[in-house]
Amino acid sequence: MAVQTIERTAKNIVLTVQDYSLFAWRALVNLFRPPVYWTDLLIQSDIIGVGSLPIVVLSGFFTGGVLSLQSAATLSAFGATAVTGQFVSLTMIRELGAVLTGIMVSGRNASSMASELGSMVVTEQVDAMRALGVDPMRKLVTPRVYATIAMLLLLTIVADAFGIMGGAAVTVFLNHQNGTQYFHMAYEHLRFPDIMQGLVRPLFFGYIIASIGCFYGMRTTGGTEGVGRSTIRAVVNASVLIIFVDFLITHILLSVLP
Amino acid sequence: MTGASLTPASPSPDLNSRPGPVVALRQVAVAFDGPSVFENVSFAVAPGETRVLLGPAGVGKSVLLKLILGLIRPIEGSVELFGQDISHMPEEELFPLRARAGMVFQEGALFDSLSVRDNVAYQLIQELAPDAEIDDRVREALRFVGLEEAFALFPASLSGGMRRRVAIARALIHQPELILYDSPTGGLDPVTSDTIIELIVKQRDVRATPALLVTHRLQDAFTLCTHRFDSEQNRMVPLPEGQTNRSTTFLMLDEGRLIFDGSLHDLLHSDNPFVREFLE
């Protein structure tokens with residue numbers, strides 16, 4: 001009995017991964033074959049990009065502030081508080097800006113995609129769309145995937161900028177250090193590979209967030225309770241996958257762009 | 001009703017002289033991760049014909065409708081829609097075929113984030129039709145279902161009966177070659193149910209669109225058979241005593257099998273114990 005349960009679970013996992021891979025691939029390639037719903041792409045960009053701006057600005061700003069506080073405390077032991085700006089900017093741009101934005105946008109948008117599409121599935125709206133001759137993959141999924149990729153890239157840049165500003169605010173107003181020195185160090189030690197590292201990540205994270213959110217939404221069964229389950233799965237899996245993929249990307253990029 | 005002498009009403013379409021069926025199911029079986037929902041189901045819908053699918057709740061009537069549009073795939077047998085076998089047809093190729101049919105879902109399945117206008121015009125909007133044409137055609141479709149005043153409303157502010165009528169307008173705006181009604185009167189009060197059935201009779205008699213209607217309400221099925229739409233009076237009127245609409249025929253599903261396929265006369269005189277029990 002236990003063996004059968006393990007076998008069934010393993011098969012389910014493999015099937016889910018297979019279904020997700022096909023789903024995510026179709027969502028991606030749909031942009032290169034008509035019809036393409038550009039209006040939906042713009043609407044989703046507004047919902048995902050502009051809608052997520054406040055949480056990204058706030059989380060970026062305060063993360064930069066915390067980084068500045070923590071690093072200044074440690075660096076002062078070595079008499080190196082002058083490099084706080086370098087520490088904050090490199091950490092935000094190379095790593096934290098993208099990951100933090102990814103997690104925040106995942107919490108906000110993967111959940112909303114899963115619940116919105118899940119509700120449409122359980123109320124037969126997706127079937128109605130198919131019956132009306134419209135492909136829900138093209139109409140609902142592809143615009144969300146590309147909008148999330150594009151918007152996450154821009155939101156990451158915003159988070160980086162506000163993170164550096166948060167660090168500056170703490171450095172100047174709480175640690176009473178020189179602001180010019182902070183910005184000079186933040187800018188002077190930045191190299192092209194650092195920026196590349198930070199801007200490659202959101203492309204992958206955006207794809208993960210939207211494809212997982214839509215995948216669980218479109219697979220929803222079991223009424224309103226099922227919508228809740230899909231939402232939880234979407235957020236949990238998207239967040240975990242973001243951290244995992246971040247690890248892989250870091251490993252690869254450090255060997256390509258040392 | 002049972003004792004009435006039932007003869008076809010005149011005029012009526014001569015089904016035998018028409019081209020091939022709009023829908024044809026042959027030895028179809030459907031299953032979802034378990035035993036079959038139904039198997040060996042075969043029937044056809046001819047041009048101009050209205051078929052009423054009867055059966056108890058949970059027997060797979062709605063599944064059968066979705067099967068016809070390729071929203072669900074059979075595990076055995078073949079499904080033909082507009083002369084094409086869609087059993088294994090790729091989803092991409094199915095969309096143009098589905099666009100030629102109209103389906104009214106059980107609860108309406110209106111897009112709740114869109115207004116009534118945008119719901120009814122959904123297909124036209126996707127085809128990038130001009131706004132003025134869309135408005136005209138939506139108003140015409142809403143007039144057909146008697147809901148012109150709902151043009152700018154959202155589904156949340158509509159009653160159950162109004163939602164079904166909007167769903168019917170959405171299914172009809174494209175002048176479909178086939179209409180599938182999934183329990184259009186389910187859960188509605190008798191007056192609203194009569195309004196919906198009148199719309200179905202109107203569509204049948206005015207536009208002669210072939211249809212498959214799922215219901216478990218015998219009263220609706222008999223009304224379809226014993227009434228016609230009078231265009232001059234703009235309302236449904238009963239056929240003369242003893243006459244029935246010849247283009248309206250019946251199917252009955254029970255325990256995963258199609259147990260009846262025939263006219264109202266055959267239904268009323270069936271020896272099948274379940275049919276008799278269902279009728280009584």
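Two strands count as paired if DSSP finds at least two bridges between them. Helices (H or I, at least four residues) and strands (E, at least two) are themselves DSSP runs, numbered from the N terminus. What is described here is a predicted model, where local features need pLDDT of at least 70, side-chain atom pairs count only at pLDDT 80 or more, and totals for chains, interfaces and linings use all residues. Residues are numbered from 1 along each chain as its sequence is written, while chains are lettered from A and ligands numbered from 1 in the order in which they are written.

Strand E4 (residues 50-54) of chain B runs parallel to strand E13 (residues 248-254) of chain B, and 5 bridges join the two. Within this pair, B:Val52 sits opposite B:Phe250 of E13(B). Both strands belong to an open sheet of 6 strands in chain B, ordered E7-E8-E9-E4-E13-E14, with mixed pairing. At its edges stand strand E7 (101-104) and strand E14 (257-262) of chain B; each has a single partner strand, so one side of each is left without a neighbour in the sheet. On average, and ignoring direction, neighbouring strands of this sheet are turned by 15° against each other. As for what holds such an arrangement together, strands of a sheet pair through backbone hydrogen bonds, either parallel or antiparallel.

Helices pack on this sheet too. For the angles, axes are lines fitted to C-alpha atoms, for helices over the stretch in contact, and the values run from 0 to 180 degrees between N-to-C directions. Contact has a cut-off as well: the C-beta atoms of two residues, placed from the backbone, must lie within 7 Å. Helix H1 (residues 61-68) of chain B touches E4, E7, strand E8 (178-182), strand E9 (211-214) and E13 of chain B, and its direction makes about 155° with that of E9(B). Helix H8 (residues 218-226) of chain B lies across E4 and E13 of chain B, at about 160° to E4(B).

One residue of helix H8 of chain B is B:Thr226. B:Thr226 is buried, because 21 other C-beta atoms lie within 10 Å (the cut-offs are 20 or more for buried, 12 or fewer for exposed, and partly exposed in between, with C-beta atoms placed from the backbone). Setting aside neighbours within four places in sequence, B:Thr226 is in contact with B:Pro238, B:Leu239 and B:Thr244. Between the C-alpha atoms of B:Thr226 and B:Gln243, 17 residues apart along the chain, the separation is 6.8 Å.

Strand E10 (residues 227-230) and strand E11 (residues 235-238) of chain B pair in the antiparallel sense over 4 bridges. Across the pair, B:Phe229 stands opposite B:Met236 of E11(B).

Chain B is divided into domain 1 (17-100 + 178-185 + 210-280) and domain 2 (101-175), with bounds that come from an automatic or database domain assignment. Taken over C-alpha atoms, the two domain centres are separated by 24 Å. Their contact takes 13 residues from domain 1 of chain B and 9 residues from domain 2 of chain B. On the domain 1 side, the largest share, 5 residues, comes from E8(B).

Chain A has 8 helices and 0 strands. Its C-alpha trace spans about 65 × 50 × 35 Å along the principal axes, and buried residues make up 45% of its 258 residues. The contact between the chains takes 15 residues from chain B and 11 residues from chain A. Helix H2 (91-98) and helix H4 (122-126) of chain B are the elements that give two or more residues to the chain B side.

Finally, there is confidence: pLDDT is the predictor's confidence in each residue, from 0 to 100. The mean pLDDT is 93 for chain A and 88 for chain B. Over residues 1-16 of chain B the pLDDT is below 50. Where pLDDT is low, the predicted coordinates should not be read in detail. The model as a whole scores ipTM 0.85 and pTM 0.87.
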